[in-house]
Every structure is written in structure tokens, then in C-alpha cells.
Amino acid sequence: MHRFLMRNHAPVLSVSKELKTWVAVIGLTLLATAAWADPQSEISAYRKSYSLPAVTADAKLTELARQQANAMAERRSMDHNVYASFHSRIAPYGSASAAENLATGTKTFEETLAMWKSSYGHNANLLNRNVTRMGLASASRDGTTYWALILAAPPEPPQSKVRVLSIFPPIILMRLGTP
């Protein structure tokens, strides 16, 4: 696989193409570890370890999370209602199931996710079997980072305002007389 050669009276290691390929594969694999993974992949991998479906990034949820993170940073307050109540913010999305995780005091998403996993309520949101969409944002002010993660089920199709109760009038059968 490899051999020593002499060049200018000094040993030189000759490495085969196969070894170079393995080194490259291992190096690229190490680069693809959690430190380099994106939040959607990290949350999905965590959910899959519990036999739950992966989440996909959703632009509308990401925008809602961005508004929440920015509002928290502007007001220097980690609060679900700092921008507006979660219910009023998520209602236009039209999901039957949604949850929000907030955090501050962490610098990276990896630290934030670890904190959410160790919190019973936040972990329950991460592992909610009904959610398959996510939006994540962070905003910083004066060295403090504020995180907002919104998880939701897909939006439900709009319901029709018209309700048909019956297309036939009730029919009453009566027997008259004696048998």
C-alpha cells in the first residue's frame, strides 16, 4: 500500500491512490458531523431516532419565527407574547397543531437544541408526532442571541362556508288502518 523512497537522502512516504481516497472520504465524513449539519437535518435526525417523521423547512413558519426572534431582541425579552400571542401569530398559517420553542443565552444552534432536548416541555414539542414543518430564526442584540423555533402540522385546506345538511327532505312512513 505504501513504501518509502529516498529523495535527497531523506525518506519520502509514497501513498497509494486508495489510501488517499480513504483519507478524503473520512475527512469529508467528519465535516458532515452535527457541527456542520443544518438545523432541519439535526431536528429530523433527532425525531427519526424516536421513529417520528422528519421536518421540512417552511418559509411562512420561518418568517413567523424571524418576527418573534427580532421582537425579542429589540425588547431584550424572551417571551412568547412579546410580538403577539402565539395563537394569534400561528392562526393565519392554518395548522391544527403547532408549538413554539424559545431560547436565549446560547451562541449556537447545537447548544440551543441540546437545551431544548433537556427540557421536558421543549422536548415534547420537538417530538410532537403531528408536526412535520418547521421555521427557525435567531436575532442578536448586545451580545445576546434570541432563538425562536416554530413546529407545526401542515396547513389544513380552507373549509367551505356552506354546509349542506341534507339534500332530501325527511320522509316519514306511516301505516294507516289495520293489518
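Student: What covers the buried residues of α5?

Tutor: Buried means under 20% relative accessible area, with a 1.4 Å probe and protein chains only, and contact means heavy atoms within 4.5 Å. In this predicted model, the cover over the buried residues of α5 includes α2 (39–48), β4 (98–104), α6 (120–126), β5 (133–141) and β6 (144–152). Helices (H or I, at least four residues) and strands (E, at least two) are DSSP runs, numbered from the N terminus. Residues are numbered from 1 along each chain as its sequence is written. Local features need pLDDT of at least 70, side-chain atom pairs count only at pLDDT 80 or more, totals for chains, interfaces and linings use all residues, and side-chain values use heavy atoms, with hydrogens and water left out.

Student: Which residues of helix α5 are buried?

Tutor: In α5, which spans residues 109–117, they are Phe109, Thr112, Leu113 and Trp116. Seen down the axis of α5, these buried residues fall within an arc of 95°, so they line one face of the helix; the arc is that of the directions from the helix axis to the C-beta atoms.

Student: How do α2 and α5 pack?

Tutor: Two packed helices are described by the angle between their axes and the distance between the axes. Here α2 and α5 pack at an angle of about 30°, with their axes 11 Å apart, where axes are lines fitted to C-alpha atoms, for helices over the stretch in contact, and angles run from 0 to 180 degrees between N-to-C directions. Angles under 35 degrees count as roughly parallel, and α2 and α5 are therefore roughly parallel to each other.

Student: Which residues of α2 and α5 meet?

Tutor: Pro39, Glu42, Ile43 and Tyr46 in α2 meet Phe109, Glu110, Leu113 and Lys117 in α5.

Key. Buried < 20%, exposed > 50% of the residue type's maximum accessible area, 1.4 Å probe, protein only. Parallel < 35°, antiparallel > 145°, perpendicular 65-115°, else oblique.
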